[in-house]
Amino acid sequence: MLASGSRGNCAIVASSSTKILVDAGISCREVFRRMKLLGEDPRSLAAILITHEHSDHVYGLATLAKKLRIPVFMNGATHQAWARAVRDAKGERPKLEKGERFDSGYGFQVGDIAVRPFTIPHDAADPVGFTFRAEGVKVGIATDLGYMPASVRDHLRGSDVLVLESNHDLEMLRVGPYPWSVKQRVMSRVGHLSNGALADFFSNDYDNRAAFVVLAHLSEQNNHPEIARREAERALATRGGLFQNRVLLAAQTEALEPIRL
Ligand SMILES: [Zn+2]
Ligand SMILES: [Zn+2]
């Protein structure tokens with residue numbers, strides 16, 4: 001997890017031979033800097049995958065794609081929305097040298113990693129989460145979703161690493177500084193997942209299989225890492241799963257130590 005939160009999201013998923021960047025919501029320079037701090041070479045990335053067109057997921061995309069000249073995978077609606085919104089320094093639409101399309105719900109392959117994009121409820125053109133499978137390990141990523149539909153719970157089943165949104169504490173959001181319209185958006189069925197909604201998933205639908213659970217996309221205004229952790233751990237404990245699950249918190253300003261399985 002290179003960065004996570006409303007000021008930029010970016011993660012790396014890697015097998016022993018293929019390395020993928022998931023979202024590019026921080027600047028190219030910052031991606032390079034954080035990768036180097038982890039001892040990773042940005043030139044070793046095989047592809048960039050984009051979940052949806054919100055700027056906290058694509059801010060650095062045009063520059064990264066230009067610099068690395070690697071395939072960028074998006075679905076059609078996300079690409080259209082991105083292309084409409086983005087302009088380069090000269091005011092022109094940036095072109096992706098190696099734009100690749102996927103369809104939500106249909107798997108594709110990047111190197112030896114099997115990728116499965118699935119639809120999530122969020123106010124973007126065609127937002128997705130992803131699962132990744134390689135070398136007998138499954139990783140599931142779902143952030144930016146207003147709630148957890150059954151289809152999403154199904155896709156996440158069997159994950160060894162789960163990266164899930166724990167966006168806000170409902171009470172902090174209610175009494176917090178956001179204007180009412182923004183509060184309504186965040187709380188809506190196409191907004192962001194609260195600590196409580198995630199805890200509900202852990203208590204009722206989670207299969208207790210992940211070796212690591214990463215809480216992601218935490219709001220800096222309406223959440224606190226320790227509140228998110230406490231709520232998640234309490235819910236995991238009800239399933240007796242707390243000891244099997246290591247709960248980690250992805251941060252906005254620095255990369256998380258790599259998770260290795
Ligand atoms: Zn979003
Ligand atoms: Zn986001």
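Some conventions first. This is a predicted model in which local features need pLDDT of at least 70 and side-chain atom pairs count only at pLDDT 80 or more, while totals for chains, interfaces and linings use all residues. Residues are numbered from 1 along each chain as its sequence is written, chains are lettered from A and ligands numbered from 1 in the order in which they are written, and side-chain values use heavy atoms, with hydrogens and water left out.

1. **Zinc ion (ligand 1).** The protein donors here are His-52 (NE2), His-54 (ND1), His-122 (NE2) and Asp-144 (OD), at 2.2 to 2.5 Å from the ion. Donors are N, O and S atoms within 2.8 Å of the metal (3.2 Å for Na, K and Ca), and water is not among the atoms, so sites may look incomplete. Along the chain, the spacing of these donors is H-x1-H-x67-H-x21-D. The arrangement is irregular because the 4 donor atoms subtend angles of 91 to 173°. For the cut-offs: four donors count as tetrahedral if all angles lie between 85 and 135 degrees; four count as square planar and six as octahedral if opposite donors are over 155 degrees apart and all others between 65 and 115; anything else is irregular.

2. **Zinc ion (ligand 2).** Asp-56 (OD), His-57 (NE2), Asp-144 (OD) and His-217 (NE2) are the protein donors of this ion, lying 2.1 to 2.2 Å from it. Their spacing along the chain reads D-H-x86-D-x72-H. This site is irregular too, with angles of 94 to 161° among its 4 donor atoms. Both Asp-56 and His-57 are buried, where buried means under 20% relative accessible area, exposed over 50%, and partly exposed in between (1.4 Å probe, protein chains only).

3. **The bridge.** Which residue bridges the zinc ion (ligand 1) and the zinc ion (ligand 2)? Asp-144 does, and the two ions lie 3.5 Å apart. His-52 sits in the loop between β3 and α2, and Asp-144 in the loop between β9 (137–142) and α5 (150–156), so this pair ties together parts that are 92 residues apart in sequence. Helices (H or I, at least four residues) and strands (E, at least two) are DSSP runs, numbered from the N terminus. His-52 counts as buried, at 0% relative accessibility, and Asp-144 is buried as well, with a relative accessible area of 1%.

4. **Nonpolar cores.** A nonpolar core is a set of buried Ala, Val, Leu, Ile, Met, Phe, Trp, Tyr and Cys residues joined through side-chain atoms within 4.5 Å. The largest has 26 residues, and Ile-20, Val-22, Leu-49, Val-110, Val-115, Phe-130 and Phe-132 touch the most other members. Strand β8 (residues 128–134) gives the most to this core, with 4 residues. A second, separate core has 25 residues, including Leu-162, Phe-201, Ala-232 and Leu-249.

5. **Around Val-22.** Not counting residues up to four places away in sequence, Val-22 touches Cys-10, Ala-11, Val-13, Leu-49, Thr-51, Phe-130, Phe-132 and Ile-141. Contact means heavy atoms within 4.5 Å.

6. **Helix α3.** Leu-61, Leu-64, Ala-65 and Leu-68 are buried in α3 (residues 61–68). They lie on the same side of α3 because they cover an arc of only 95° around the axis, taken from the directions from the helix axis to the C-beta atoms. Among the elements covering these buried residues are β2 (19–22), α1 (28–37), β3 (47–49) and β4 (72–75).

7. **Cysteines.** How many disulfides are there? The count comes to 0, taking a disulfide as a pair of cysteine sulfur atoms within 2.5 Å. For Cys-10, the closest cysteine sulfur is that of Cys-28, 10 Å away and too far for a bond. Cys-10 is buried, with a relative accessible area of 2%, and Cys-28 counts as buried at 6% relative accessibility.

8. **Loop residues worth a look.** Arg-69, in the loop between α3 and β4, has a positive phi near 50° though it is a residue other than glycine; Arg-69 is exposed, with a relative accessible area of 51%. Glu-135 also has a positive phi near 50°. This residue is found in the loop between β8 and β9 and is exposed at 52%. Ser-27, in the loop between β2 and α1, is partly exposed, with a relative accessible area of 27%. Leaving aside neighbours within four places in sequence, Ser-27 is in contact with Tyr-59 and Gly-60.
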